[in-house]
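Please read them with the structure open.

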Amino acid sequence: MNGTRGAGRGRTGTAMIEAAVVLPILIVLLLGIMEVGRALMTYNLLTRAVRTGARLAVVTPDLEQNDLRVLGRINDLLDDGGATAASSEMAFIGDPPSPGESQRGLMLCVRAEVDFVPAVSILQWGNHQLRAQVVARHE
């Protein structure tokens with residue numbers, strides 16, 4: 001035996017090949033986890049903005065359908081968080097009140113949508129709309 005057939009011979013490039021196979025999978029997995037985190041953060045921001053808008057709507061006297069005070073507050077909160085509302089609306093459930101009529105006890109629905117665009121280009125599986133809705137009774 002001349003010593004050319006040892007335990008470590010013939011395996012000099014094995015670690016590099018294993019890294020070349022496993023590393024892209026780990027990178028895609030890491031980027032996917034980051035995108036899911038961003039989507040959850042955006043959804044949390046959206047639900048908080050809609051909830052705050054609904055809270056404002058139920059205590060606002062002389063409220064109108066799609067009141068700009070409520071929708072403006074939702075859009076401001078989304079803009080502060082770095083998201084842009086694709087649409088937002090506030091509507092009374094049932095018949096809207098007549099002008100001068102008491103709004104106490106009326107049900108209203110506040111909803112908004114945000115377009116979520118993935119930040120990492122290799123993971124762009126398309127844009128997704130995140131939606132949130134709150135139903136509340138006017139105080």
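The points that follow cover the basis of the model, its salt bridges, its core and its surface patches.

1. Basis. This is a predicted model, in which local features need pLDDT of at least 70 and side-chain atom pairs count only at pLDDT 80 or more, while totals for chains, interfaces and linings use all residues. Residues are numbered from 1 along each chain as its sequence is written, and side-chain values use heavy atoms, with hydrogens and water left out.

2. Salt bridges overall. Side chains of opposite charge can pair when their charged atoms come close. Searching the whole structure gives five salt bridges (a side-chain nitrogen of Lys or Arg within 4 Å of a carboxyl oxygen of Asp or Glu). Three of these pairs are taken up in the next points.

3. E35 and R38. These two side chains form a salt bridge, at 2.9 Å from N to O. Both residues belong to helix 1 and sit three residues apart, about one turn of the helix. Helices (H or I, at least four residues) and strands (E, at least two) are DSSP runs, numbered from the N terminus. E35 is buried, at 2% relative accessible area, whereas R38 is partly exposed at 30%. Here buried means under 20% relative accessible area, exposed over 50%, and partly exposed in between, with a 1.4 Å probe and protein chains only.

4. E113 and R131. The closest N and O atoms of this salt bridge are 2.9 Å apart. Because E113 is in strand 2 (residues 107–116) and R131 in strand 3 (residues 128–137), the pair ties together parts that are 18 residues apart in sequence. R131 counts as exposed, at 51% relative accessibility.

5. D67 and R69. What is the distance between the closest N and O atoms in the salt bridge of R69 with D67? The value is 2.7 Å. D67 is buried, with a relative accessible area of 6%, and R69 is partly exposed at 42%. The bridges here share partners, and D62, D67 and R69 are joined into one network.

6. Nonpolar core. The largest nonpolar core has 25 residues, of which L46, L63, I74, L78, M90, L108 and V110 touch the most other members. A core of this kind is a set of buried Ala, Val, Leu, Ile, Met, Phe, Trp, Tyr and Cys residues joined through side-chain atoms within 4.5 Å. Two or more residues come from each of helix 1, helix 2 (68–80), strand 1 (85–92), strand 2 and strand 3. Helix 1 is the main contributor, giving eight residues.

7. C109. This residue is part of strand 2 and is buried, at 5% relative accessible area. C109 and A54 are separated by 55 residues in sequence, yet their C-alpha atoms are 7.6 Å apart in space.

8. Positive patch. R48, R51, R55 and R73 make up a positive surface patch. Patch residues have over 30% relative accessible area and no salt bridge, with like charges joined within 9 Å and nonpolar side chains (Val, Leu, Ile, Met, Phe, Trp, Tyr) within 5 Å. Helix 1 (residues 14–59) supplies the largest share, three residues. R48 is in helix 1 and is partly exposed, at 40%.

9. Nonpolar patch. On the surface, I17, V21, V22, L26, L29 and I33 form a nonpolar patch with about 580 Å² of accessible area together. Accessible areas come from the Shrake-Rupley method with a 1.4 Å probe, and for residues only the protein chains shown count as cover. L26 lies in helix 1 and is partly exposed, at 47% relative accessibility.

Technical notes
Lys and Arg count as positive and Asp and Glu as negative; His and the chain ends are not counted. The place of a charge is taken as NZ of Lys, CZ of Arg, CG of Asp or CD of Glu.
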